[in-house]
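Please have a look at the sequence and the structure first.

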Amino acid sequence: RAQAKFLTLRFPWLLDLPAPRATTILLARIPQTCRSASHVKKFLSDIFSDDAVQEVHFVKNTGALASMVQARDRARELFREAELRAERDGVRPTHRVLPSGMQVDSMTHYEEEIESLEAPIAAERA
């Protein structure tokens, strides 16, 4: 009884909503193999009409991406600082890395760190 009353109020409320709020749906737990705009658009076109789907957008958890970009940007800063020290002092700077305590060339170390983060960042953005 309460559900029936709720529905009589809900349907007119839904019909009065402006686009895109009234025309947006959320899909969750899409199989990995189907996570593309073309797959989702075809799936929804099979349910609704061919022209019913105007756009498909994905929301992605970017927590890992943010930390990788932050680490890469920090490595870039440290590389630039090492470059400036090398120009100023005429000698390539070195530093110790943890946990080994091994002495390494700073510019080479930060350059390798930047390169090692580029592929995972690109993959996470895809």
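**Loops, then a helix pair**

P20 sits in the loop that runs between α1 (2–16) and α2, where helices (H or I, at least four residues) and strands (E, at least two) are DSSP runs, numbered from the N terminus. Before I go further, please keep in mind that this is a predicted model, in which local features need pLDDT of at least 70 and side-chain atom pairs count only at pLDDT 80 or more, while totals for chains, interfaces and linings use all residues. Residues are numbered from 1 along each chain as its sequence is written, and side-chain values use heavy atoms, with hydrogens and water left out.

As background, most residues other than glycine have a negative phi, and most peptide bonds are trans. R29 counts as exposed because its relative accessibility is 82%, and here buried means under 20% relative accessible area, exposed over 50%, and partly exposed in between (1.4 Å probe, protein chains only).

Let me now turn to the helices. Helix α3 (residues 63–89) packs with helix α4 (residues 106–125) at an angle of about 155°, their axes being 9 Å apart; axes are lines fitted to C-alpha atoms, for helices over the stretch in contact, and angles run from 0 to 180 degrees between N-to-C directions. That makes α3 roughly antiparallel to α4, given that angles under 35 degrees count as roughly parallel, over 145 as roughly antiparallel, 65 to 115 as roughly perpendicular and the rest as oblique.

Which residues of α3 are buried? They are L65, M68, V69, R72, A75, L78, F79, A82 and A86, and what covers them includes α4. An α-helix has 3.6 residues a turn, so residues three or four places apart point the same way. Just after α3, G90 takes a positive phi of about 75°.

Finally, H57 lies in the loop between α2 (37–47) and α3, and with 65% relative accessibility it counts as exposed. H57 and A37 are 20 residues apart in sequence, and 7.2 Å apart in space, C-alpha to C-alpha.

Key. Contact = heavy atoms within 4.5 Å.
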